Amino acid sequence: MAIHDVFASAADSRNIALRRMTIIIVTIFWIGQFGANSLYVQLTSPENAVVTLLPRGLASVIGEVITLVGIALQDRWHSSRLRVRAYVAIGFTVASSAVLGAVGFVIFEAFMGPLGTSPFWNRFWSNYTVQVVPRLWTFASVYAMALAISYATDVREQEEEISALRTLAQEAQLRALRSQLNPHFLFNALNSIAALINDGQARQAEETTEHLADFLRTALSLDPQRLITISEEASLQRLYLDIQKVRFPTRLNVVFDIAPTIEDALVPNLILQPLVENSIKYAVARSTAPVTIRLCAKAEGDKLRIIVEDDGGNAANPNRPTGNRMGLANVAQRLSAHFGDDASLVHSVRPQGGFRNSMIIPLYRAS
């Protein structure tokens with residue numbers, strides 16, 4: 001279902017509930033009006049309390065019908081600015097008061113007889129102000145209440161839609177960022193497997209193929225927004241590095257230094273992949289001497305620090321990775337998407353040679 005359809009369906013459900021609530025509130029309002037008018041008549045003209053009971057009740061019912069029709073018509077301007085909607089409410093207040101004043105006068109004369117001996121129109125105009133003015137406040141109150149409820153509902157729907165769209169945009173961003181994992185890794189891995197087969201190392205080629213299948217199966221099945229434990233992330237990187245060791249059997253050394261107390265710490269999945277890839281590309285691949293890649297994770301208060309570094313070997317220019325640094329930008333953007341300003345990524349040249357990436361994220365643990 002398209003996002004627009006989802007919002008439309010939710011809006012329809014809310015509109016049905018809002019209409020039901022409006023009918024209930026308007027009914028209660030006019031029952032209150034009827035009760036208040038009856039009490040006023042009882043206190044000021046007790047002799048007319050019973051005689052005017054039925055016409056007052058009928059006028060209240062008609063007032064409720066006029067109010068519901070007015071609210072329904074008023075809702076046609078729900079997409080307009082608040083000022084326009086307020087002007088419309090004022091217009092309906094005046095019109096509704098005039099209509100109910102006229103209908104109320106006819107009802108009272110029908111039940112109680114002519115209110116005087118003058119012609120009908122003279123009697124009507126002489127009593128019209130008395131019939132209309134009090135109802136201005138009545139309709140103004142109910143239409144203002146309906147406008148407030150409608151406007152508050154519209155604002156809430158807009159906030160929910162903005163929130164949903166923001167979530168969708170974040171998910172799309174995370175998927176796009178994760179999709180930037182270097183495709184050359186797959187080509188290199190397949191070439192390495194082919195080379196092993198050509199060299200007659202069928203057993204090692206089979207193991208490498210299994211590592212590659214496990215890595216791709218896990219990487220492609222992960223939800224971009226899902227956080228995994230640092231131990232699971234380390235396992236993914238071990239699979240990746242085991243595949244790379246086939247390419248660099250004598251040049252690649254790996255050290256994992258993850259404290260047992262933080263193995264349940266949560267991190268974005270594959271967040272270390274671009275950093276490890278950079279070490280392979282700019283240090284191991286360009287060196288003829290052994291290169292050590294070290295992955296370290298430790299708790300620092302309520303933060304988790306993760307370090308990915310290499311010693312550079314004897315690469316021609318190990319301290320200055322070239323290229324567009326897409327991997328570093330990828331990691332920084334994913335950290336920002338997940339944690340906002342609570343996360344940071346710092347990369348620097350190691351004084352003793354090589355490159356270091358240090359990220360700090362909030363320390364969340366798997367429940």
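These legends walk through several close-up views of a predicted model. Residues are numbered from 1 along each chain as its sequence is written, and side-chain values use heavy atoms, with hydrogens and water left out. Because the model is predicted, local features need pLDDT of at least 70 and side-chain atom pairs count only at pLDDT 80 or more, while totals for chains, interfaces and linings use all residues.

**View 1. D257 and R294 pair up across two strands.** Side chains of opposite charge can pair when their charged atoms come close. Here a salt bridge means a side-chain nitrogen of Lys or Arg within 4 Å of a carboxyl oxygen of Asp or Glu, and by this rule the count comes to nine. One of them joins D257 to R294, with the closest N and O atoms 3.2 Å apart. This pair links distant parts of the chain: D257 sits in strand β2 (residues 252-258) and R294 in strand β4 (residues 291-300), 37 residues apart. Helices (H or I, at least four residues) and strands (E, at least two) are DSSP runs, numbered from the N terminus.

**View 2. E309 meets two arginines, R350 and R356.** Look at R350 to begin with: its side chain and that of E309 form a salt bridge at 3.2 Å, N to O. E309 lies in strand β5 (residues 303-310) and R350 in the loop between β6 (344-349) and β7 (355-362), so this pair ties together parts that are 41 residues apart in sequence. Now for R356, whose salt bridge with E309 has an N to O distance of 2.7 Å. Since R356 is in strand β7 and E309 in strand β5, this contact ties together parts that are 47 residues apart in sequence. Are these residues buried or exposed? E309 and R350 are both buried, with E309 at a relative accessible area of 5%. R356 counts as partly exposed, at 31% relative accessibility. Step back and there's a network: salt bridges that share partners join D257, R294, E309, R350 and R356.

**View 3. A nonpolar patch lies on the surface.** Its members are V51, L54, L58, V61, V65, V69, L73, W77, F111 and M112, and together they have about 840 Å² of accessible area. Such areas come from the Shrake-Rupley method with a 1.4 Å probe, and for residues only the protein chains shown count as cover. Patches are made of residues with over 30% relative accessible area and no salt bridge; like charges are joined within 9 Å, and nonpolar side chains (Val, Leu, Ile, Met, Phe, Trp, Tyr) within 5 Å. Which helix gives the most to the patch? That's α2, with six residues. Both α2 (53-74) and α3 (82-112) supply at least two residues each. M112 is in helix α3 and, at 33% relative accessibility, counts as partly exposed.

**View 4. Helices α2 and α3 pack together.** Their axes are 9 Å apart and the packing angle is about 155 degrees, which makes α2 roughly antiparallel to α3. Axes are lines fitted to C-alpha atoms, for helices over the stretch in contact, and angles run from 0 to 180 degrees between N-to-C directions. Angles under 35 degrees count as roughly parallel, over 145 as roughly antiparallel, 65 to 115 as roughly perpendicular and the rest as oblique. α2 passes α3 in a right-handed crossing. A crossing is left-handed if the near helix is turned anticlockwise from the far one by less than a right angle, and right-handed if clockwise.

View 5. Most residues other than glycine have a negative phi. The axes of α8 and helix α7 (residues 230-247) come within 11 Å and cross at roughly 20 degrees. That makes α7 roughly parallel to α8, and their crossing is right-handed.

Conventions
Buried means under 20% relative accessible area, exposed over 50%, partly exposed in between (1.4 Å probe, protein chains only).
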